[in-house]
Amino acid sequence: MQKQLLLGVEAIAQGAIDSGISGVYAYPGTPSTEITEYIQDSPEAIRRNIHRAWAANEKTAMESALGMSYAGKRALVCMKHVGMNVAADCLMNAAITGANGGLLIVAADDPSMHSSQNEQDSRVYGKFAQIPLLEPSNQQEAYEMTRYGFALSETVGSPVILRLTTRLAHSRAGVETHDSLPENPLHLPENKRQFVLLPAIARKQYKLLLEKQPDFIRASEQSPFNAYVEGQDKSLGIVACGLTYNYLLENFNEGCIYPVIKVSQYPLPRKMLKRLIRECKQILVLEEGYPVV
């Protein structure tokens, strides 16, 4: 284990390398671009000959990553939030085909439009596609979540979205890294027809996706990144999503006096939310972007 000073995007890139990825596919766009650039220049990525490719657009990037997942390998695909619109055709179908090797989709959102034409919230795509979504609250968590996201993808057999925002993407912090995992061997899915979405197959696959929803919620309830933090003053309960948990802590030097649910994995941890609503008089929701919660 060693400690490095990394941007949030660099923490994700290093986390992907250490997860044993075999390829990264991307279309450039701030604040996501440095993820692929970091992997392109990484001595370990060069030594291992990790496939590092810029695509013609976000859709072809995601299609390439899905193909690598089909072959049993771990693949990373990166874009900014508006790129999710271009990739949506493949994304929605990938939710139904599922994943074989771990497939992690990084969506870098840009609240306040520092370098973008809108400030759409990619968490909506996670809900729309009905797949798990991760949202780190700091750089260390961005690194750990990347490794966790690949493992989660293979465990539940689904693509996983990792959503971060500009202020996390482009700020630095010390990040403790772990030893690299080996790359997956080539192996095809047991049901090779699952990736052929003719209507008769797609209907069966969609039914499987719906049946997985309780598993996704259970994974969220048990996630190491979601937490119910006790507080003394129950006149207010706070739900803090992703980076807003960091914002919250900056306002309480000696710890928050109110109960807090830290949300960094979706679907929402319903048991925690019901408990907060039951115990507190008022609820304050902190989220950077749309009112998803």
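How do α5 and α9 lie to each other, roughly parallel or roughly perpendicular? Select both helices to find out.

**Before you go on**

This is a predicted model: local features need pLDDT of at least 70, side-chain atom pairs count only at pLDDT 80 or more, and totals for chains, interfaces and linings use all residues. Residues are numbered from 1 along each chain as its sequence is written, and side-chain values use heavy atoms, with hydrogens and water left out. Helices (H or I, at least four residues) and strands (E, at least two) are DSSP runs, numbered from the N terminus.

**Stop 1**

Axes here are lines fitted to C-alpha atoms, for helices over the stretch in contact, and angles run from 0 to 180 degrees between N-to-C directions. Now show side chains. Ala95, Ile96 and Thr97 of α5 meet Ala202, Gln205, Tyr206 and Leu209 of α9. Contact means heavy atoms within 4.5 Å. By class, five of the residues in this contact are nonpolar, two are polar and none is charged. In this scheme Ala, Val, Leu, Ile, Met, Phe, Trp, Tyr, Cys and Pro count as nonpolar, Asp, Glu, Lys and Arg as charged, and the others, Gly among them, as polar.

**Stop 1: the seven-stranded sheet**

Switch to a cartoon view. Seven strands make an open sheet in the order β3-β2-β4-β5-β7-β6-β12, and the pairing is mixed. Two strands pair if DSSP finds at least two bridges between them. Find the edges: β3 (51-54) and β12 (265-266) each have a single partner strand, so one side of each is left without a neighbour in the sheet.

Move to β2 (residues 23-26) and β4 (residues 75-80). They run parallel and are joined by four bridges. Val24 stands opposite Leu76.

Next, select β5 (103-109). Is it mostly covered or mostly uncovered? Mostly covered: seven of its seven residues are buried, that is, under 20% relative accessible area, with exposed meaning over 50% and partly exposed in between (1.4 Å probe, protein chains only). Leu103, Ile105, Ala107 and Asp109 point one way, while Leu104, Val106 and Ala108 point the other way.

Look to both sides of β5. Six bridges join β4 to β5 in parallel, and Met79 has Ala107 as its bridge partner.

α2 (residues 33-41) lies across β2, β3, β4 and β5, at about 140° to β3. α4 (residues 58-70) lies across β2, β3, β4 and β5, at about 165° to β4.

**Stop 2: Trp54**

Zoom in on Trp54 in strand β3. Trp54 is partly exposed, with a relative accessible area of 35%. Leaving aside neighbours within four places in sequence, its contacts include Tyr27, Pro28, Thr33 and Glu37.

**Stop 3: the four-stranded sheet**

Move to the other open sheet. Its order is β9-β11-β10-β13, with mixed pairing. β9 (227-229) and β13 stand at the edges, each with a single partner strand. Neighbouring strands are turned by 15° against each other on average, direction ignored.

Select β10 (residues 236-241). Six of its six residues are buried, so β10 is largely enclosed by the rest of the structure. Leu236, Ile238 and Ala240 cover one side, and Gly237, Val239 and Cys241 the other.

β10 pairs with β13 (residues 282-286) in the parallel sense over five bridges. Ala240 stands opposite Leu286, and Ile238 has Leu284 as its bridge partner. On β11 (residues 260-263), four bridges link to β10, again in the parallel sense. Cys241 stands opposite Val263. From β10 the chain crosses through helix α10 (residues 244-250) to β11, in a right-handed crossover.

Technical notes: Right-handed = clockwise from strand over helix to strand, strands pointing away.
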